[in-house]
Amino acid sequence: METGSREAAGMPGAEPVWRGLEPGLLRVRRVLVLVWAGVLAVATGLLLGLLAGPAWAALALLPPAFAAWSWRLLERNWHSWRYAERADDLLISRGVLWREETVVPYGRMQLVEVTSGPVERRFGLATVQLHTAAAATDATIPGLDPAEAERLRDRLTELGEARSAGL
């Protein structure tokens with residue numbers, strides 16, 4: 001039996017099947033960095049140009065330089081996010097320098113929410129927020145396709161109810 005099918009069957013010791021986030025999340029974050037860098041560059045250039053002189057207005061180049069530096073970092077961060085559904089719990093892994101892996105047992109879930117703000121909706125994305133009894137173990141999976149987010153919410157809710165009922 002293949003590792004992925006062992007995990008799907010809920011066999012212990014199987015490797016989890018990891019899923020990444022939608023590419024739209026990377027596009028959203030890059031667009032936001034570009035917008036904020038542009039706004040800050042214009043504001044800095046105008047204010048310093050008018051108040052301190054044209055030489056100081058050159059500092060308006062700092063926000064676009066920061067945006068260029070952030071471009072690659074955003075991609076690395078986006079690649080670091082992944083999640084896996086196992087037989088008894090959900091794994092969420094993220095982080096570039098400091099890796100963080102969260103394990104949320106299905107029986108400990110109290111609430112599973114799907115949210116999508118105006119920017120997320122524009123790019124066809126949704127976020128799944130998991131709430132547990134311990135606030136420290138609340139977990140979020142951003143940048144999912146809305147259909148996948150709803151499927152995950154329904155599956156996690158079903159599994160959570162079954163585990164908390166002792167079935």
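Helices and strands here are DSSP runs, a helix having at least four residues and a strand at least two, numbered from the N terminus.

**Entry 1: the whole chain.** I opened the model, which is a predicted one. I read along the sequence and wrote down the pattern α-β-α-α-β-β-β-β-α-β-β-α. The tally for the chain is 5 helices and 7 strands.

Entry 2: How much of the chain is buried? I found that buried residues account for 34% of the 167 residues. Next I looked up the accessible surface, which is about 10100 Å² for the chain. Carbon and sulfur atoms own 61% of that surface.

**Entry 3: contacts along the chain.** I took the contacts between residues at least 6 apart in sequence, and 47% of these join residues at least 24 apart.

**Entry 4: a sheet.** I then turned to an open sheet of 3 strands, and noted its order as S5-S6-S7 with antiparallel pairing. Why is one side of S5 and of S7 left without a neighbour in the sheet? Strand S5 (109-115) and strand S7 (139-144) stand at the edges and each has a single partner strand, so one side of each has no neighbour there. I also checked the angle: neighbouring strands of this sheet are turned by 15° against each other on average, direction ignored.

Entry 5: I stayed with S5 and looked at its pairing with strand S6, residues 126-132. The two run in the antiparallel sense and pair over 6 bridges.

Note on methods:
Residues are numbered from 1 along each chain as its sequence is written. This is a predicted model: local features need pLDDT of at least 70, side-chain atom pairs count only at pLDDT 80 or more; totals for chains, interfaces and linings use all residues. Side-chain values use heavy atoms; hydrogens and water are left out. Two strands pair if DSSP finds at least two bridges between them. Axes are lines fitted to C-alpha atoms, for helices over the stretch in contact, and angles run from 0 to 180 degrees between N-to-C directions. Buried means under 20% relative accessible area, exposed over 50%, partly exposed in between (1.4 Å probe, protein chains only). Contact means heavy atoms within 4.5 Å. Accessible areas come from the Shrake-Rupley method with a 1.4 Å probe; for residues, only the protein chains shown count as cover.
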